[in-house]
Amino acid sequence: MTKWVYLFGDGAAEGRAEDKSILGGKGANLAEMCSLGLPVPPGFTITTEACNWFYANARSYPADLADQVDTALEHVAAITGRRFGDPSRLLLVSVRSGARASMPGMMDTVLNLGLNDETVEALASDSGDARFAYDSYRRFIQMYSDVVLGLDHEVFEEILEEEKARLGHELDTDLSAGEWLDVISLYKAKVREELERDFPQDPREQLWGAIGAVFSSWMNHRAITYRRLHDIPESWGTAVNVQAMVFGNMGDTSATGVAFTRNPSTGEKMLYGEFLVNAQGEDVVAGIRTPQNITEAARIAAGSDRPSLQKLMPEAFRSFVAIADRLEKHYRDMQDLEFTIERGKLWMLQTRSGKRTAKAALRIAVDMAAEGLITREQAVSRIDPASLDQLLHPTIDPAAKRDVIGIGLPASPGAATGEIVFSSDEAEDLRAQGRKVILVRIETSPEDIHGMNAAEGILTTRGGMTSHAAVVARGMGKPCVSGAGSLRIDYRAGTMTALGTTFRKGDVITIDGANGQVLRGAVPMLQPELSGDFAAIMEWAD
């Protein structure tokens with residue numbers, strides 16, 4: 001019998017880090033973290049081989065996969081004391097993709113799976129927090145409808161924004177339990193109106209719908225584009241990771257965040273990351289809310305008046321720092337980490353080698369060789385020769401006059417000048433005409449991958465330094481300014497408003513990814529000088 005499902009949890013796992021070809025990167029690293037005794041919610045991974053079967057057999061599943069999944073759910077139940085679909089001992093799960101190579105945001109995720117009209121009441125009773133339960137249910141309806149049922153998430157965002165405006169609320173966290181119930185009713189009515197069917201209530205139907213959607217997302221347009229840009233073979237497939245839910249949205253003692261063990265823009269040895277209180281992981285990477293700094297040093301450097309994780313939850317912060325340091329030493333590479341804090345308890349959801357700029361790659365390689373983590377030969381092998389042209393990105397001439405129209409976060413270094421465009425399709429069209437553009441978005445999503453590739457730089461009004469826009473821009477070596485909240489973008493009108501001035505498609509702006517400034521017009525540039533780290537790597541390579 002073929003083994004399609006691998007278990008992990010409670011300090012043990014059936015796979016290890018080297019099993020990426022069958023477990024995908026996420027599944028292999030979850031197994032590895034479990035084996036290291038780190039706090040990882042239990043779960044199981046459906047292999048990449050099952051994905052290849054799925055495509056080779058008209059999008060169907062192997063005959064024995066369902067039984068193996070049922071056995072795995074019992075394994076999770078034994079560890080957690082909770083059962084999937086059982087309102088009296090409710091277990092909810094997340095369903096995430098996981099290819100062999102990191103493809104940030106390109107494939108699909110579903111959180112809070114297992115909620116329905118009955119189990120949401122059980123969650124409210126079990127947690128003692130009805131507001132949290134209804135918030136989780138509306139998130140699930142929105143995410144599942146988008147990922148599995150094909151109903152665009154913006155349909156639900158419009159409903160939510162209209163309700164917030166009607167109620168006089170600014171933030172999602174301002175809504176009460178009763179107000180979330182009303183939103184849920186509106187969401188379900190929209191599903192019925194658009195799809196002529198009710199939102200699915202059977203947890204098993206929900207689970208298999210999500211598994212199929214993750215496998216299907218391997219062949220969606222954005223994943224295909226990303227694979228083409230990064231030379232990832234289609235034959236690799238994706239794994240599916242099903243994991244017990246932990247909740248960062250259970251009030252002010254809960255949080256979720258993303259961090260890098262070193263600065264992915266510069267390579268500096270410092271914890272670099274962001275978090276949100278009372279939120280779930282997708283809120284951070286999607287850039288819907290601009291997050292807070294993890295460390296006090298980063299908060300001070302950013303001039304933020306919102307508390308750092310270090311100040312707000314010192315015990316969880318200390319645990320996270322210790323785990324981050326341990327994982328970097330274990331993998332001998334800079335790590336990209338995702339975590340959730342549920343009522344004060346830290347849970348690790350992901351570790352992977354972090355995407356970085358060429359400048360950061362050089363510094364990290366040289367520093368890790370000096371620290372004795374890797375050899376000089378290994379340091380040289382970690383530098384992708386194709387990425388070195390990033391080191392030649394121009395910077396703004398210090399003597400140039402700067403007409404600053406907005407300031408955001410310096411999410412990816414370098415400077416870029418171009419015409420404003422508001423959509424990825426426009427960016428691609430103008431690039432084909434030989435014109436240089438800046439892609440200007442409220443926030444980017446994985447669907448923007450082709451536009452980001454076509455643009456000289458990316459500017460967003462929402463999101464932090466670990467948002468989708470920031471992570472993908474750094475991986476591409478594109479300058480990026482994120483979270484420029486003083487700018488106002490109106491897609492319908494095709495305008496960006498800054499300091500009372502209206503800018504339109506085709507107007508020229510410059511962004512400075514080193515300090516987060518947005519400038520009017522074109523600004524004189526200087527060619528950079530190569531760093532000492534570059535010289536060291538070249539010497540070692542001889």
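Mentor: Angles between axes under 35 degrees count as roughly parallel, over 145 as roughly antiparallel, 65 to 115 as roughly perpendicular and the rest as oblique. This is a predicted model, in which local features need pLDDT of at least 70 and side-chain atom pairs count only at pLDDT 80 or more, while totals for chains, interfaces and linings use all residues. Residues are numbered from 1 along each chain as its sequence is written, and side-chain values use heavy atoms, with hydrogens and water left out.

Trainee: Why are H5 and H6 called roughly antiparallel to each other?

Mentor: The axes of H5 and helix H6 (residues 153-167) cross at roughly 150 degrees and come within 8 Å. Axes are lines fitted to C-alpha atoms, for helices over the stretch in contact, and angles run from 0 to 180 degrees between N-to-C directions. The limit for roughly antiparallel is over 145, and H5 and H6 are therefore described in that way.

Trainee: Which residues of H5 and H6 meet?

Mentor: Contact means heavy atoms within 4.5 Å. Arg138, Ile141, Gln142, Ser145 and Asp146 in H5 meet His153, Phe156, Glu157 and Leu160 in H6. The residues of this contact comprise three nonpolar, three polar and three charged.

Trainee: What makes a set of residues a nonpolar core?

Mentor: Its members are buried (under 20% relative accessible area, with exposed over 50% and partly exposed in between, using a 1.4 Å probe and protein chains only). They are Ala, Val, Leu, Ile, Met, Phe, Trp, Tyr and Cys residues joined through side-chain atoms within 4.5 Å. The largest such core has 60 residues, of which Val5, Phe44, Ile46, Val95, Leu113 and Leu207 touch the most other members. Helix H5 (residues 130-147) supplies the largest share, nine residues. A second, separate core of 28 residues includes Ala259, Phe275, Phe317 and Phe339.

Trainee: Why do E11 and E13 stand at the edges of their sheet?

Mentor: The open sheet has the order E11-E10-E9-E12-E13, with antiparallel pairing. E11 (292-293) and E13 (345-353) each have a single partner strand, so one side of each is left without a neighbour in the sheet.

How values were computed
Helix = DSSP H or I, 4+ residues; strand = E, 2+ residues; numbered from the N terminus. Nonpolar A, V, L, I, M, F, W, Y, C, P; charged D, E, K, R; others polar. Pairing = 2+ DSSP bridges.
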